[in-house]
Amino acid sequence: MKFDIHSVVRPHILNLAPYSSARDEYTGKEGVFLDANENPIGSATPENWNRYPDPYQFAIKEKLAPIKGCRPTQIFLGNGSDEPIDLIIRLTCEPKVDNIIILPPTYGMYEVSASVNNVAIQKIPLKSDYQLNIDAILEAINSKTKLIFICSPNNPTGNLINREAILQIIENFQQGIVIIDEAYNDFSDEPSFIPSLDEYPNVMVLQTFSKAWGLASLRLGMAFAQEELITLLNKIKYPYNINGLTQKLLIENIDNTDFVKKSVATLNENRAQLEKELSELPNVEHIYPSDANFLLVRFKEAKAVFDYLIKNKTIVRDRSKVILCDNCLRISVGTKDENSILMGYLRSYEA
């Protein structure tokens, strides 16, 4: 594959001298630290938080790499997946000049981040079966297209995007980077693209600790890519973007992959039961196949159902105004008790 990262990155960033923090100059753990203007007395808490955290989260990456099937140097950790989404746009796209391609209906932050950075957006809707319109995507690519965002399993539709279709986009878009958002990959049987990064240097994969890992409150997202791209992301991120408490809690949780497997198995089982019960409701018109921890459901009068559920303090997501999601609600899979409460209100609903 003929891909040159230098041709994709904004030229001034290639020559940018990054901020050098105190922890860049000395990475040891022992010594008398008088270099970062911290409070040497400690913190007013049982555990001291007076020292700046590791700016590159090496301990986490060493543990994470074998779990994900990559090298530690291929990992970037961000404040949720939203941080690498924003950074990859800033890294590659000249404001008012370059553009990105998104494939609605899809995750909303791709568009928001591009708009914040004043980068043009080309929207190529998915087909009616929520798969890629390959011809339209390839036709939309122009000399100023830097990024293509593909979410699989897709949010809010829940379906996997055909792998061969994604590969076709990767192979035909070597002037920029294909970002594959795998936030919900743990709930599917589809293999990740992470082990293929050496084969496809124009790919960046996004994953998160917020879903299957049950750590949404920590706000820790992952990006995986070729080493040079990771180095460039580290070059432009804020120096201490992942706080010390988050790093500590992640280290304590990262070895518990059995919890992740059990959570996924339980939620997938709950999803199947919820889908069965929803299909028996007279006001449900269609339930879309899902490889995620949610279901996209088309109701006869989705807004009225949504308002009724809100009135009863049962919160789902109204996606009715999203393209190709008319009269659809996105329902996260809950515990058995939560799903039972939801179904109780839906059965008692009268349009």
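Author: The loop between helix 2 and helix 3 holds asparagine 37. This is a predicted model, and in it the phi of asparagine 37 is near 55 degrees, a positive value in a residue other than glycine. Most residues other than glycine have a negative phi. Asparagine 37 counts as exposed because its relative accessible area, 77%, is over the 50% cut-off.

Arginine 219 also has a phi near 55 degrees, again positive in a residue that is not glycine. Arginine 219 sits in the loop between strand 6 (203–208) and strand 7 (220–224). With a relative accessible area of 33%, arginine 219 is partly exposed.

Two peptide bonds are cis. One runs from serine 152 to proline 153, with omega near -5 degrees; the other runs from asparagine 155 to proline 156, with omega near 25 degrees. Proline 153 is in the loop between strand 4 (145–151) and helix 7 (163–172), and proline 156 lies in the loop between strand 4 and helix 7.

Asparagine 155 is also among the residues nearest the centre of the second largest pocket, together with Thr106, Tyr107, Gly108 and Arg330. That pocket holds about 480 Å³ of space, and its lining divides into nine nonpolar, seven polar and nine charged residues.

The largest pocket holds about 650 Å³. Of its 25 lining residues, Lys29, Arg51, Tyr52, Pro53 and Asp54 are the closest to its centre. Helix 2 (22–25), helix 3 (58–68) and helix 9 (244–253) each give two or more residues to this lining, and helix 9 gives the most, with four.

Methods: Residues numbered from 1 in each chain as written. Predicted model: local features only at pLDDT ≥ 70, side-chain atom pairs only at ≥ 80, totals over all residues. Heavy atoms only, no water. 1 Å grid on protein atoms, 1.4 Å probe; cavity = no way out; pocket = protein on both sides within 12 Å on 5 of 7 lines; lining within 4 Å. Points joined across faces, edges and corners; volume = space filled by probe spheres on them. Nonpolar A, V, L, I, M, F, W, Y, C, P; charged D, E, K, R; others polar. Buried < 20%, exposed > 50% of the residue type's maximum accessible area, 1.4 Å probe, protein only.
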